[in-house]
Amino acid sequence: MLEVPGLTHESIWENVLDYVRENVTSVEFDTWFARVKPLGLTGGALELGVPTSFAGDWIQKHYGHLIQEALLRLGAQSPEFRLKVVPGEVVQDAILQEDARVPAAAPRTRLNPKYTFESFVVGPGNSMAHAAAMAVAEAPGKAYNPLFIYGGVGLGKTHLMHAVGHYARQRFPEIRVEYVSTETFTNDLISAIRSDRMNQFRERYRSVDMLLVDDVQFIAGKERTQEEFFHTFNTLYEDGKQILLTSDRPPREILTLESRLRSRFEWGLITDIQPPDLETRIAILKMNAERRGVQLSEEVLEYVARQVASNIRELEGALMRLIAYASLSGVTITPKVAQSALADLFHTAGEAVTMDEILAAVAEHYGVTPADLKSKGRSKEVVRPRQVAMYLIRQLTGASLPEIGQFFGGRDHTTVLYATQKIGKLLAEDAELRRTVEGFESRWAGRG
Ligand SMILES: Nc1ncnc2c1ncn2[C@@H]1O[C@H](COP(=O)(O)OP(=O)(O)OP(=O)(O)O)[C@@H](O)[C@H]1O
């Protein structure tokens, strides 16, 4: 399946682990995946070594589908993997091993060893965020507290956050760094409440020196989580501990966020990450290809970089697919090969974006539901997002004003007209809104 030069079983497994890490809790990850070792590609299947047959059965049953999904995302046609017990052998902790810069005795964290400052390409879109992250890593709790980094999907917020954690641990080996997604924080809280273990929960999050909280926009609307996070924040802040937050939008755009939390998020430094320019995208691709031991011409790099403009994760995905495609068909990678590989693999390219798709994306961005946007509700949480959705639908689909009105629960076409004009006017005055709208437009560029 994936027997490709440049894609060894180790690098395939590394990619699978990235995906798994994003989809399981840290406890699950450490328990089940930290001691799995990629053994090779045998008969087209990825062979994985596990310490015991119990671990093998458990992984197969509970995480088999995740591993399959990860392999599919890498471009495998019919992904297969086999778990093999490696008796007696101490299966090395590949994750910690790779992270040679972290002292062996340091406690485990969920930091991804690949997300370091060294592997972060700095360009005009992220230089401010990078500088702020560096400052925080050099002097935790002293430079900017909290540091709040926001930006669109797949632009390197998590990467920078992990880089701060690695760097700080390298500089101050005793430092306790905790990385947590807002979702995990919420889940941990719920299970602590259920099992009456709030003390442990508090101890865990309030005793660290550096707390990294990813995707904090998901805290919107979750009252109990906000309450608990508020106290966690205060304790850490008062003790001079560093807090780093990422989000897909600035604090003031996180609706249904308690104002006391919002104002705390604004106490330190707020910095954004913008989509990378062409040069930065080329540099990222180049670094990625080199890491995989693949040489690509400048033309190919530029071709791929031009295809994906607004999401580095997708950019990396395109490169992976291209390498897999070329290797599977045994051809040398030229711009032409890249063209057919990507045309073939980006199934959605060229398909027109739909009203439902736009509605869902806008709703998600603003932390409301599509039904809210179609409803008669007039609260400020839904009015502006609704207008933005109407505007984007008008711009990006061929729908007429009455059709859009119909789509939004049978509204009059004049309402749609008003909304589109209103947003059109606001775009000239409101930079934040402009960024949001442009982000959406570039996401669907070429699909209108
Ligand atoms: N400047 C960069 N240099 C090198 N790689 C980068 C850079 N920015 C992002 N990446 C890579 O792009 C991928 C996506 O980055 P990351 O997960 O940090 O994005 P994110 O902004 O946190 O996205 P999300 O909003 O989905 O959480 C990662 O593999 C990361 O290593």
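An open sheet of three strands, ordered E1-E2-E3, shows mixed pairing. Strand E1 (37-42) and strand E3 (81-85) stand at its edges with a single partner strand each, so one side of each has no neighbour in the sheet. The model is a predicted one, and the points below should be read with that in mind.

- E1 and strand E2 (residues 45-50) run antiparallel and are joined by five bridges, and Gly40 has Glu47 in E2 as its bridge partner.

**Helices on this sheet**

- Helix H1 (residues 9-23) packs on the sheet, where it touches E1 and E2, and its direction makes about 125 degrees with that of E1.
- Helix H3 (residues 53-73) lies across E2 and E3, and runs at about 160 degrees to E3.

**Strand E6 and its partners**

- Strand E6 (residues 210-214) pairs in the parallel sense with strand E5 (residues 177-181) over five bridges, and Ser181 stands opposite Asp214 in E6.
- E6 also pairs in the parallel sense with strand E7 (residues 242-247), over four bridges, and Val213 has Leu245 in E7 as its bridge partner.
- Together with helix H9 (residues 223-238), E6 and E7 make a right-handed β-α-β unit.

**Burial of E6**

- E6 is mostly covered, with five of its five residues buried.

Conventions
Residues numbered from 1 in each chain as written. Predicted model: local features only at pLDDT ≥ 70, side-chain atom pairs only at ≥ 80, totals over all residues. Heavy atoms only, no water. Buried < 20%, exposed > 50% of the residue type's maximum accessible area, 1.4 Å probe, protein only. Helix = DSSP H or I, 4+ residues; strand = E, 2+ residues; numbered from the N terminus. Pairing = 2+ DSSP bridges. Right-handed = clockwise from strand over helix to strand, strands pointing away. Contact = heavy atoms within 4.5 Å. Axes fitted to C-alpha atoms, helices over the stretch in contact; angles between N-to-C directions.
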